[in-house]
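Thank you all for coming.

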Amino acid sequence: MTSGPQAAGQAGRMVRLADRDRPRVRFRLDGADCAALAGDTVLTAVLVSAPAVRQSEFGPERRAGFCLMGACQDCWLWQEDGGRLRACSTLIAEGMQLRTVPPEDWQ
Ligand code: FES
């Protein structure tokens, strides 16, 4: 069963074509159930489930990372506790609760 951003009609930006036999890791993105594979970065995990990582703070655009190596700072996400993480250099972990918008915009 699929839930989360894909179930809501939002296709993921990335499509997983290979290496699909790793254990599943469950996480939540903006309150929706999502799944990734062990060893995925948070950026990969999110972009398999959603079209973007976060909203740009400078305009209406949505961001999906840029350098993929920890240099550009384009992939910051928020955790449920309000802390931030850089998605391209952080591995996904079971039970992570991630947000694509800053805490002041949570409803
Ligand atoms: S994509 Fe550039 S720092 Fe993460």
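Let me begin with a convention: helices (H or I, at least four residues) and strands (E, at least two residues) are DSSP runs, and they are numbered from the N terminus.

What you see is a predicted model, in which local features need a pLDDT of at least 70 and side-chain atom pairs count only at pLDDT 80 or more, while totals for chains, interfaces and linings use all residues. Residues are numbered from 1 along each chain as its sequence is written, and side-chain values use heavy atoms, with hydrogens and water left out.

The pLDDT, which is the predictor's confidence in each residue on a scale from 0 to 100, averages 89 over the chain, and 91% of the residues score at least 70. Confidence is highest in strand 1, residues 24–29, at a mean of 97, and lowest in strand 3, residues 54–55, at 88.

Now to the sheet, where two strands count as paired if DSSP finds at least two bridges between them. Five strands make up an open sheet with mixed pairing, in the order 2-1-7-5-6. Strand 2 and strand 6 are the edges, each with a single partner strand, so one side of each has no neighbour in the sheet. From one strand to the next, the twist averages 40°, where axes are lines fitted to C-alpha atoms, for helices over the stretch in contact, and angles run from 0 to 180 degrees between N-to-C directions.

Helix 1 packs on this sheet, touching strands 1, 2, 5, 6 and 7, and its direction makes about 75° with that of strand 1; contact here means heavy atoms within 4.5 Å. Buried means under 20% relative accessible area, exposed means over 50%, and partly exposed lies in between, with a 1.4 Å probe and protein chains only.

Looking at individual pairings, strand 5 (residues 76–79) runs antiparallel to strand 6 (residues 84–86), joined by 3 bridges, and L77 stands opposite L85. Their hairpin has 4 residues between the strands, and G82 takes a positive phi near 95° there. Strand 5 also pairs with strand 7 (residues 97–99), antiparallel over 2 bridges, with W78 opposite R99.

What does L85 touch, leaving aside residues up to four places away in sequence? Its contacts are V42, C75, W76, L77, Q79, T90, M96 and L98, and L85 is buried at 6% relative accessibility.

That brings me to the cysteines. How many disulfides does a search of the whole structure find? The search finds 0, a disulfide being a pair of cysteine sulfur atoms within 2.5 Å. For C34, the closest cysteine sulfur is that of C75, 17 Å away, which is too far for a bond. C34 is buried at 6% relative accessible area, and C75 is buried at 3%.
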